[in-house]
Amino acid sequence: MIAFYDLQAVNAPHRDAVESAIRRVLDTGPFILGPNVEAFEAAFADLCGADHAVGVASGLDALTLILRGYGIGEGDEVIVPANTFIATVLAVSAVGALPVLVDPDPDTMLITPEIADAAVSPRTRAIIAVHLYGRLCDMSGLRSVARDRRVLLVEDAAQAHGATTPDGERAGSLGDAAAFSFYPTKNLGALGDGGAVTTDDPALATRIRRLRNYGSTTKNVHAVVGANSRLDELQAAVLLTKLPALDVENARRRRIALTYAEAVRGTSISLEPPTGAAHVMHLCVVRTSRRAALCAALDAAEIGWAIHYPVPPHRQDAYRGLEHSPLPVTEALARSVLSVPAHPALGEEETARVAEVLHRVG
Ligand SMILES: *Cc1c(COP(=O)(O)O)cnc(C)c1O
């Protein structure tokens, strides 16, 4: 059996170092807001090329706290691609703003500068660029739109840790602020929930540090109505241990995807090969009009698969009643996308087995 994702195998190379890191936290404490969170924030900001990183409890909280930190709320609109994990949309709802769902570009499956520009209204406060599946959006184009239209540009980088533009700039440094998730299966995964905000904006960083800790940066002084949304010391210690391997693991994901892209060349299955380091292949997503047949063949070969995402946010009960423009691209993608195993611990032989099925069914 080839699992779609193998947590144990992915974490196996880190196991000894992670165990020592956990033991150090147990031996020395503290467990909340201590030296590991501080060290991880510094290392992660450095990796992203951002001035500040603030550890928070999850990717959803990272997005929500960015919007709150910028004072976005009731009466405001935030532009969000419709083909995303629902958390991107939930963050907008959490602050009381209106999510304005837009259809992505059908080729890249990403929001583009033109799409974002066309959705701006006088109420728009921000555009959220989701680097979906690990592929960077056209951030220089989106920055121009945001500048011209005087709106904020937020990266949802929950799937894009380490993604790098041809100019060497990283996800997390390409907008006004970025949200990361360290959910266990992300490219940089904790042993539980975790997240971070990166930004060059010192005022935003300060506000988020307050908001994540009951509105306080000094004990017993509560400047604003905050939340409890902290990255804890154990998770920070684990992440600090795993961080140095991120680029190597991302490169491994890309090599697997290249093998698959080669296997489906000239078939009815489409898979765009990764475009250099601007794609970190969080998910290796193929598109096919014969998805049921491909799933059946993968099942028969005992190969795991998943769909990201079978039901888009606007088709969920949670968003019944949300007004939106027609979203034909998002709907078509929900019917045709299929994610195949591409985690960094997938071996050569396993990769070849998956490639064989893709080639045969395609
Ligand atoms: C995982 C994910 C999130 C949410 O992160 P959590 O840590 O699970 O809250 C947000 N956006 C995208 C695109 C994601 O993939």
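## Cysteines

The sulfur of Cys48 sits 16 Å from the closest cysteine sulfur, that of Cys137, so the two are too far apart for a bond. With a disulfide taken as a pair of cysteine sulfur atoms within 2.5 Å, the count is zero. Cys284 is in no disulfide either, the nearest cysteine sulfur being that of Cys295, 14 Å away.

Cys48 is buried at 2% relative accessible area, and Cys284 is buried at 1%. Buried here means under 20% relative accessible area (1.4 Å probe, protein chains only).

A quick word on the numbers: this is a predicted model, where local features need pLDDT of at least 70 and side-chain atom pairs pLDDT 80 or more, while totals for chains, interfaces and linings use all residues. Residues are numbered from 1 along each chain as its sequence is written, and side-chain values use heavy atoms, leaving out hydrogens and water.

## Nonpolar cores

A nonpolar core is a set of buried Ala, Val, Leu, Ile, Met, Phe, Trp, Tyr and Cys residues joined through side-chain atoms within 4.5 Å. The largest has 89 residues, and Phe40, Phe44, Ile72, Ile111 and Phe182 have the most contacts inside it. A second, separate core has 27 residues, including Ala261 and Met281.

## Cavity

What lines the largest cavity? Among the lining residues are Asn83, Tyr133, His308 and Val337.

Note on methods: Buried means under 20% relative accessible area, exposed over 50%, partly exposed in between (1.4 Å probe, protein chains only). On a 1 Å grid over the protein atoms alone, a cavity is a set of points where a 1.4 Å probe fits but cannot get out, and a pocket is an open set with protein on both sides within 12 Å along at least five of seven lines; lining residues have an atom within 4 Å of a point.
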